[in-house]
Amino acid sequence: MPHILIVEDETIIRSALRRLLERNQYQVSEAGSVQEAQERFSIHSFDLIVSDLRLPGAPGTELIKLGQGTPVLIMTSYASLRSAVDSMKMGAVDYIAKPFDHDEMLQAVARILRDFHQSKSAATPAGANAKSGSDKVVDNSNGEIGIIGSCAAMEEMYSKIRKVAPTDSNVLIQGESGTGKELVARALHNLSRRAKAPLISVNCAAIPESLIESELFGHEKGAFTGASAGRAGLVEAADGGTLFLDEIGELPLEAQARLLRVLQEGEIRRVGSVQSQKVDVRLIAATHRDLKGLSKVGQFREDLYYRLHVIALKLPPLRERGADVLEIARAFLIRQSTRQGRLDLSFAADAEQAIHHYPWPGNVRELENAIERAVILCEGNSISAELLGIDIELDDLEDNFSGLPGHASGLGHETNEPTEDLSLEDYFQHFVLEHQDHMTETELARKLGISRKCLWERRQRLGIPRRKPSSVTAD
């Protein structure tokens with residue numbers, strides 16, 4: 001069990017973080033300051049140190065040298081985000097902005113521990129436990145997976161990653177939210193010649209527009225109100241490594257112009273400065289938006305779009321990945337079951353069927369959240385479709401209706417009404433009204449491929465009255 005040290009002077013935050021980590025099968029120790037940590041613990045013995053940047057007495061960055069190689073994750077607020085960049089230059093492995101959500105913290109901790117373990121393994125004699133390039137791209141050895149899946153679209157993606165990673169070409173990763181664009185960016189970085197240099201990840205949609213230029217490109221002292229000292233930006237922090245800009249479609253036009261200069265000239269100019277400085281950065285960008293369409297209406301610079309679009313990788317949505325969805329679901333079940341100490345859990349048959357047929361609009365992120373919730377709430381050893389909270393929406397009923405007596409020719413023959421112009425809601429309403437007198441709500445829901453809760457909600461929305469008990473007696 002990995003042993004993590006939390007150094008945070010705010011008791012509420014420290015206690016909440018300790019409980020979060022302990023619930024996820026980590027051993028945790030805590031301290032309120034660097035001095036207390038030194039007095040109570042052998043700091044270098046921990047697997048990971050999670051520390052606030054600003055602490056009473058010495059700052060959290062002091063733990064970097066005290067840890068003697070132990071990775072340090074720095075917590076900071078957006079107001080001091082630029083200080084976190086300085087922390088990374090001093091040797092912090094990563095930073096996380098407060099307030100953070102639980103998933104974000106758990107993902108960061110799992111990633112850092114995995115990378116630290118792999119770096120120690122790499123220090124073993126040559127040839128021992130060596131991994132091929134493809135193994136690094138698709139690594140599901142311990143549940144903390146990179147990318148899983150073997151459908152044709154993903155195999156093509158792996159092939160492109162192996163070809164593109166060793167180059168310095170800019171890459172644009174496209175795909176719906178939750179498809180794993182950051183995982184692809186990490187694979188590209190880890191397989192590149194820059195793997196030992198920083199990978200700086202920035203969510204352009206998460207930084208206030210008024211701060212984004214100074215966050216990315218840095219600023220000089222006095223450049224704006226509150227700029228009491230000059231600070232390096234995130235682009236500068238990525239010098240020699242990789243800069244990953246997620247949701248780049250949200251980048252303001254002014255910042256786009258500065259980013260274009262980085263790509264064209266290989267240099268940056270801090271906000272408020274008249275001098276430029278050279279940077280060596282490989283850019284990987286990601287978006288779920290149509291940048292070409294945005295460029296046509298003036299919302300995204302066309303010249304920047306073509307600079308980014310040197311290599312384009314398109315991640316397929318989960319609904320187009322066939323059997324991959326069940327493979328990913330089983331991997332998530334192993335991960336969450338291990339964290340919760342519930343190794344006896346498995347999917348019921350109806351759960352596997354629902355997982356396979358549900359469209360997953362939130363993609364892999366939605367799938368993992370559904371499984372985590374089910375593992376926590378499951379009282380037996382079998383996870384049902386209802387426990388996963390999967391409601392097959394009307395858009396997904398078309399296939400389900402194919403085997404029902406009220407669909408297509410069957411519906412037409414029984415009612416002698418044309419069916420070509422009927423919508424899926426018409427099918428739903430017709431089927432419920434026709435069969436509710438001799439079917440229970442459970443049977444209706446099962447035939448329609450939805451949960452009873454979803455059936456009730458659709459009745460309310462479409463104004464379909466539920467049959468009265470007397471009608472069953474009469475039947």
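Which strands does helix α8 lie across, and at about what angle does it run to β6? Helix α8 (residues 181-190) lies across β6, β7, β8, β11 and β12. Its direction is at about 150° to β6. The model is a predicted one. Its protein chain carries 23 helices and 14 strands. Of its 475 residues, 49% count as buried. Among contacts between residues at least 6 apart in sequence, 66% join residues at least 24 apart.

**The five-stranded sheet**

- The sheet is open and has 5 strands, in the order β7-β8-β11-β6-β12. The pairing is parallel.
- β7 (199-203) and β12 (311-314) stand at the edges. Each has a single partner strand, so one side of each lacks a neighbour in the sheet.
- From one strand to the next, the twist averages 15°.
- Strands of a sheet pair through backbone hydrogen bonds, in either a parallel or an antiparallel sense.
- β6 (residues 171-174) pairs with β12 in the parallel sense over 4 bridges. Within β12, Ala312 stands opposite Leu172.
- β6 also pairs with β11, again parallel and over 4 bridges. Here the bridge partner of Ile173 is Ala286 in β11.
- β8 and β11 run parallel and are joined by 4 bridges. Thr242 stands opposite Arg282 in β11.

**Strand β11, face by face**

- β11 spans residues 282-287. Of its 6 residues, 6 are buried, so the strand is largely enclosed by the rest of the structure.
- In a regular strand, side chains alternate between the two faces of the sheet.
- Both faces of β11 are covered. One side has Arg282, Ile284 and Ala286, and these are buried.

**The β1-β2 pair**

- Strand β1 (residues 3-7) pairs with β2 in the parallel sense over 5 bridges. Val7 stands opposite Ala31 in β2.
- The chain crosses from β1 through helix α1 (residues 11-23) to β2. This β-α-β crossover is right-handed.
- β2 (residues 27-31) is mostly covered, with 4 of its 5 residues buried.

**Nonpolar cores**

- In soluble globular proteins, nonpolar side chains tend to be buried together.
- The largest nonpolar core here has 50 residues. Leu216, Val235, Leu243, Leu245 and Leu308 have the most contacts inside it.
- Helix α11 (residues 253-265) supplies the largest share of this core, 5 residues.
- Leu243 belongs to the largest core. Leaving out residues up to four places away in sequence, Leu243 touches Ile200, Val202, Leu234, Val235, Ala238, Val281, Arg282, Leu283 and Ile284.

**Gly149**

- Gly149 sits in the loop between α6 (133-137) and α7 (152-164).
- Its relative accessibility is 7%, so Gly149 counts as buried; the cut-off for buried is under 20%.
- Gly149 and Leu326 are 177 residues apart along the chain. Their C-alpha atoms are separated by 9.5 Å.
- Gly149 touches Met154, Glu155, Tyr158, Arg321, Asp324 and Glu327, with residues up to four places away in sequence not counted.

**Glu368**

- Glu368 is found in helix α16 (residues 363-377).
- At 14% relative accessibility, Glu368 is classed as buried.
- Its contacts are Phe332, Arg335 and Gln336, not counting residues up to four places away in sequence.

**Cysteines**

- A disulfide is a covalent bond between the sulfur atoms of two cysteines.
- How many disulfides does the model have? With a cut-off of 2.5 Å between cysteine sulfur atoms, the count comes to 0.
- Cys204 has 3% relative accessibility and therefore counts as buried.
- Cys378 has 4% relative accessibility and also counts as buried.

Methods
Residues numbered from 1 in each chain as written. Predicted model: local features only at pLDDT ≥ 70, side-chain atom pairs only at ≥ 80, totals over all residues. Heavy atoms only, no water. Pairing = 2+ DSSP bridges. Helix = DSSP H or I, 4+ residues; strand = E, 2+ residues; numbered from the N terminus. Axes fitted to C-alpha atoms, helices over the stretch in contact; angles between N-to-C directions. Contact = heavy atoms within 4.5 Å. Buried < 20%, exposed > 50% of the residue type's maximum accessible area, 1.4 Å probe, protein only. Right-handed = clockwise from strand over helix to strand, strands pointing away. Core = buried A, V, L, I, M, F, W, Y, C linked by side-chain atoms within 4.5 Å.
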